[in-house]
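Hi,

Here is the structure I promised to pass on. Have a look at it first, and then read on for what turned up.

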Amino acid sequence: MCINFIGEIINIIVKVGVIVFPGSNCDRDMFHVLSDVFDLNTQYYWHEKGLPNNIDAVVLPGGFSYGDRLRAGVIAAHSPVINDVKKLANKGIPILGVCNGFQILVESNLLPGVLLKNESLNFMCQWTNLIVKNNKTPFTNKLQLNQKIPIPIANGEGRYYVDSQLMHDLKKHNQIVFAYEDYVNGSVEQIAGICNEDGNVVGMMPHPERAAEKLINPLDNKPSSLIFESLIHTLGVKN
Amino acid sequence: MSTYVVHVIIENKPNISDPEGDTILNDLVLKSKNYSIKKIRVGKILKFTIEATDKKKAEKTVENICQELRIFNPLVSNIVIETKTN
């Protein structure tokens with residue numbers, strides 16, 4: 001990102017990276033929403049390649065990296081690109097992991113906890129309501145606390161779990177970002193999304209990229225749009 | 001050097017619910033009137049075929065691999081290592 005001589009921020013220079021792993025299948029949806037709907041300069045990055053130092057935000061999209069073999073996200077967590085994601089995370093760059101991206105962030109130790117098989121053992125594909133629990137992150141700062149977000153989930157391993165000690169830490173550092181309004185899959189305290197201690201790394205199981213456009217959201221696309229508008233606000237881009 | 005087959009059994013810790021084990025117990029085993037069965041836990045087994053100078057080294061190597069590469073998630077799972085000489 002840079003500012004021109006009259007003080008306008010030039011958004012074309014802002015760079016958002018969407019990482020593609022073998023088995024990612026929401027990368028194009030995410031790319032479309034970031035670039036076509038929210039006008040962000042977005043690029044794909046293959047998981048074997050490095051990320052540029054001047055990248056402004058990174059998204060790990062949903063899908064089934066490595067076919068969920070061994071455990072969802074664990075093999076992708078050893079991809080070369082993850083070292084760069086860790087460096088960027090330490091620099092405070094906003095990082096968002098959605099669904100499988102969340103699982104990869106957890107398995108990379110960028111976020112605490114684990115995502116177990118849903119209590120029903122079924123792949124769950126349905127609309128849910130999220131409640132915003134932390135609106136201080138780069139992806140939630142345009143949302144209101146306790147705001148409701150109608151949004152779809154689509155996962156088999158989305159049951160978030162932490163032990164009581166980690167739960168204590170999560171609460172202490174305000175790391176619970178989203179909770180399901182209703183009992184969905186057995187997640188501890190109905191957690192649907194969390195962040196790291198610094199708040200710049202956020203993981204969520206539901207899919208904001210499938211809910212941010214009116215055309216594909218029969219309920220209300222505005223709250224999911226605010227997740228992306230929060231990022232735009234964080235990056236200081238004028239749309 | 002000998003060849004060993006090191007079995008790694010990954011099982012969720014006792015406090016982690018196991019809906020698959022519960023379903024097998026309640027809807028298959030107990031419905032078949034096998035009332036002596038009190039609990040079933042589902043796990044995963046990985047068999048590593050490894051060349052090593054002795055069994056202890058074979059097991060240690062496999063255990064290190066499991067920990068370094070997060071073959072199991074230590075937050076929720078334990079591993080049991082058993083070895084068979086090939």
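Chain A has five helices and 13 strands, where helices (H or I, at least four residues) and strands (E, at least two) are DSSP runs numbered from the N terminus. Its radius of gyration, taken over C-alpha atoms, is 17 Å, close to the 18 Å that the globule rule gives for 239 residues, so chain A is as compact as a globular protein of that length. (That rule is 2.2 Å times the number of residues to the power 0.38.) The C-alpha trace of chain A spans about 55 × 35 × 35 Å along its principal axes.

Before the details: this is a predicted model, so local features need pLDDT of at least 70 and side-chain atom pairs count only at pLDDT 80 or more, while totals for chains, interfaces and linings use all residues. Residues are numbered from 1 along each chain as its sequence is written, and chains are lettered from A and ligands numbered from 1 in the order in which they are written.

Of chain A's 239 residues, 53% count as buried. Buried means 20 or more other C-beta atoms within 10 Å of a residue's own, exposed means 12 or fewer, and partly exposed lies in between, with C-beta atoms placed from the backbone.

Strand S6 of chain A (residues 95-98) is worth a look. Both its faces are covered, with Ile95(A) and Gly97(A) buried on one side and Leu96(A) and Val98(A) buried on the other. S6(A) runs parallel to S5(A) (residues 57-60) over three bridges; strands pair if DSSP finds at least two bridges between them. Val59(A) is opposite Leu96(A) there. S6(A) also pairs in parallel with S13(A) (residues 201-204), over four bridges, and in S13(A) the partner of Leu96(A) is Val202(A).

Now the two chains together. The contact takes 11 residues from chain A and eight residues from chain B, a contact being two C-beta atoms, placed from the backbone, within 7 Å.

Over in chain B, Thr23(B) sits in helix H1 (residues 19-29). Thr23(B) is partly exposed, with 14 other C-beta atoms within 10 Å.

Cheers
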